[in-house]
Amino acid sequence: MFYCLGDQLKNVEFTLELKEKEKQLIAIFNKEEWVTAMDQIGFDYDWDICYSKISCSKAEYQTSYLTGTFCIPKILDKEGKRHEILYFLNKKFFVAIDDDGYVEKLIQNIQKGKNHQAECMERFLYNFISQILSYGSDILETYEQVMIKMEEQVMLRSLNSFNARLMPLRKNLLELHCYYEQMENVIKELKENENDYFAKEFLRYFRNLEDRAERMEKKTSKLLEQSKQIRDVYQTQMEVHQNQTMQFLTIVSTIFLPLTLLTGWYGMNFVHMPELEYGYPYVILAAAAIIIICILFFKKKKML
């Protein structure tokens, strides 16, 4: 599938006549056809590049073209799919190898804009990468609200299954943090314009994208730090609760320790004990007095 750059992105048929014109084109192939299709459009590239090795987002300048990959995490797709895109760029073509129709979906979103869809390659790449980054803002905003609520519940001690809820959140944030760092590096490579594919007056598009990716990376870092603080608050609350429990058990043990001594003493039943015949009520009164005195003492010390 081919698109011709212009104020409006238009679907076109690739012909030799179109190839010889100075028009810049967007080409989309799947992994079954891309090797043959690259020969047909006359795009020379290194044959050791493999579509199946996509594991991160990157950009690399070669002698006569720029190549790289986009690896979009599942969390950034509304359908929960991971998207892997291999791309090539020179003065004539932006070629995307995509096996699940994601690039075509992004281009359709760009076409919904009335103006400035792709009057130049710089503008197209700006719109294209903006589409890739767009859903992340909503995700980060949602995560921020979730963590604010979690922090309130931790402070109120009303949060159940804390680790089961926090750990998947931190895992997704770590994945997003890595992704935005990679995207920031990709945009920096484009901005460097090593092969002079882009006009200098249009490099501002990449600076805007770099600022946007940097802000999202910083926000992800902030949320990761916030999740760590929530975990620390939760651990502190757990320690406080354990200390209160241990304090209560210590007080109970302290109260009943004299009673244990008292019962052990009067449980020996010596023949000449004066309380052997009528001592039972006295022992009860003594035990009750000890309990009352201990409780009053601990309340005065604000330990109860």
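## Leu249 and its helix

L249 lies in helix α6, which covers residues 204-266. Helices (DSSP H or I, at least four residues) and strands (E, at least two) are DSSP runs numbered from the N terminus. With a relative accessibility of 45%, L249 counts as partly exposed; the class lies between buried (under 20% relative accessible area) and exposed (over 50%), with a 1.4 Å probe and protein chains only.

## Basis of the model

The model is predicted: local features need pLDDT of at least 70 and side-chain atom pairs pLDDT 80 or more, while totals for chains, interfaces and linings use all residues. Residues are numbered from 1 along each chain as its sequence is written, and side-chain values use heavy atoms, without hydrogens and water.

## Overall architecture

The protein contains seven helices and seven strands, in the order β-β-α-β-α-β-β-β-β-α-α-α-α-α from the N terminus. Its radius of gyration (over C-alpha atoms) is 35 Å, well over the 19 Å that the globule rule (2.2 Å times the number of residues to the power 0.38) gives for 304 residues, so the protein is more spread out than a compact globule. The C-alpha trace spans about 125 × 35 × 30 Å along its principal axes.

Of the 304 residues, 40% are buried.
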